[in-house]
Amino acid sequence: MGASLRGQVAVVSGASGGLGAHFARFLASEGAAVALTARRLDKVEAIAGELARQGHRAMALRLDVADAASIAPAFDEIEAVLGPISILINNAGVGGDGMALDMTIEKFDETFDINVRGVYFAAQAAARLMLKSGAAERGDARIVNIGSVAGQTNLPGLSAYCGSKAAVAMMTRVMAREWARSGISVNAIGPGYILSGINDEWFETEGGAAQLKRFPRRRLMQESDLDAALLMLAGPAGRAITGSLFIIDDGQTLPGGG
Ligand SMILES: NC(=O)c1ccc[n+]([C@@H]2O[C@H](COP(=O)([O-])OP(=O)(O)OC[C@H]3O[C@@H](n4cnc5c(N)ncnc54)[C@H](OP(=O)(O)O)[C@@H]3O)[C@@H](O)[C@H]2O)c1
């Protein structure tokens, strides 16, 4: 436990489970006040309650990032309760799996509405508030987009997902450039495979087991394997880091057999 984020207000999208719930707990343990958002309000309320009982400042809010128009009002509500937002963890995402020949328009749109449009307009809403509140000018303003190794490599059966995560990587770079002078840092983390609701069914299958055997370390990552990068990008140590994508994958995408 540290205190390097004391005084900061962090918003985590998709905080009802998986990586997002872990990020929220971790940011709170580092001293940030945390707003947990997701579609399943009961889940984020339970985690916010748990954090509050531990003495952290935390709140829960229902937010469907596919409804882009609802993001800015939700962030206003968070500021009214916790104070100026200085950190956004743009984590909400869906797997969007399916072979390209079978992909439906509805599933493709859902994947991009959440993984791309949701990330884009959450970043926009947060950046506008960071500029208005002075968090940007102070140098505290950090946006961390959760991409994926899938944005950098071809994964058959995940064309829509890979495309959406490649978009996250590029949006990160352009936003970082647009907002560099005003003091907002925008970076992305591209995790490898971590067991969560997005892939647990896959790793139960023969294909999933075979994929696991091809990883050099023959294991899935743990959520906490991302803590060091998250803290670096969200906290004071990341002052000069903007426009970067950090692939953290336990070597899972390193070429070569054995
Ligand atoms: N696990 C991995 O191996 C891995 C690897 C690379 C990247 N990632 C990325 O990490 C992020 C988190 O994934 P995860 O593995 O933790 O998956 P997960 O366990 O399925 O969690 C996904 C989270 O996103 C939320 N979400 C989905 N659609 C949403 C929407 N429309 N609005 C708001 N929240 C929404 C879900 O909450 P609600 O259903 O309550 O809304 C849930 O909290 C994703 O962006 C994913 O692409 C994961």
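## Packing of helices α4 and α6

In this predicted model, the axes of helix α4 (residues 105-133) and helix α6 (residues 159-179) come within 9 Å and cross at roughly 15 degrees. Helix α4 is therefore roughly parallel to α6, a term for angles under 35 degrees. The crossing of α4 past α6 is right-handed, that is, the near helix is turned clockwise from the far one by less than a right angle.

Among the contact residues are Phe 108, Phe 112 and Val 119 in α4, and Tyr 161, Met 171 and Trp 179 in α6; contact requires C-beta atoms, placed from the backbone, within 7 Å. The residues of this contact divide into 14 nonpolar, three polar and one charged.

Thr 172 lies in helix α6. Thr 172 is buried because 27 other C-beta atoms lie within 10 Å, the cut-off being 20 or more. Leaving aside residues up to four places away in sequence, Thr 172 touches Asn 145, Val 186, Asn 187, Ala 188, Gly 243 and Leu 245.

## Ligand shell

Gly 14, Gly 18, Arg 39, Gly 93 and Gly 197 come nearest of the 29 residues around the ligand; a residue is near if its C-beta atom, placed from the backbone, lies within 6 Å. Helix α1 (residues 18-29) supplies the largest share of this shell, three residues. By class, the shell holds 13 nonpolar, twelve polar and four charged residues, with Gly counted as polar.

## Basis of the model

Residues are numbered from 1 along each chain as its sequence is written. The model is predicted: local features need pLDDT of at least 70, side-chain atom pairs count only at pLDDT 80 or more, and totals for chains, interfaces and linings use all residues.

Conventions:
Axes are lines fitted to C-alpha atoms, for helices over the stretch in contact, and angles run from 0 to 180 degrees between N-to-C directions. Helices (H or I, at least four residues) and strands (E, at least two) are DSSP runs, numbered from the N terminus. Angles under 35 degrees count as roughly parallel, over 145 as roughly antiparallel, 65 to 115 as roughly perpendicular and the rest as oblique. Two residues are in contact if their C-beta atoms, placed from the backbone, lie within 7 Å. A residue is buried if 20 or more other C-beta atoms lie within 10 Å of its own, exposed if 12 or fewer, and partly exposed in between; C-beta atoms are placed from the backbone.
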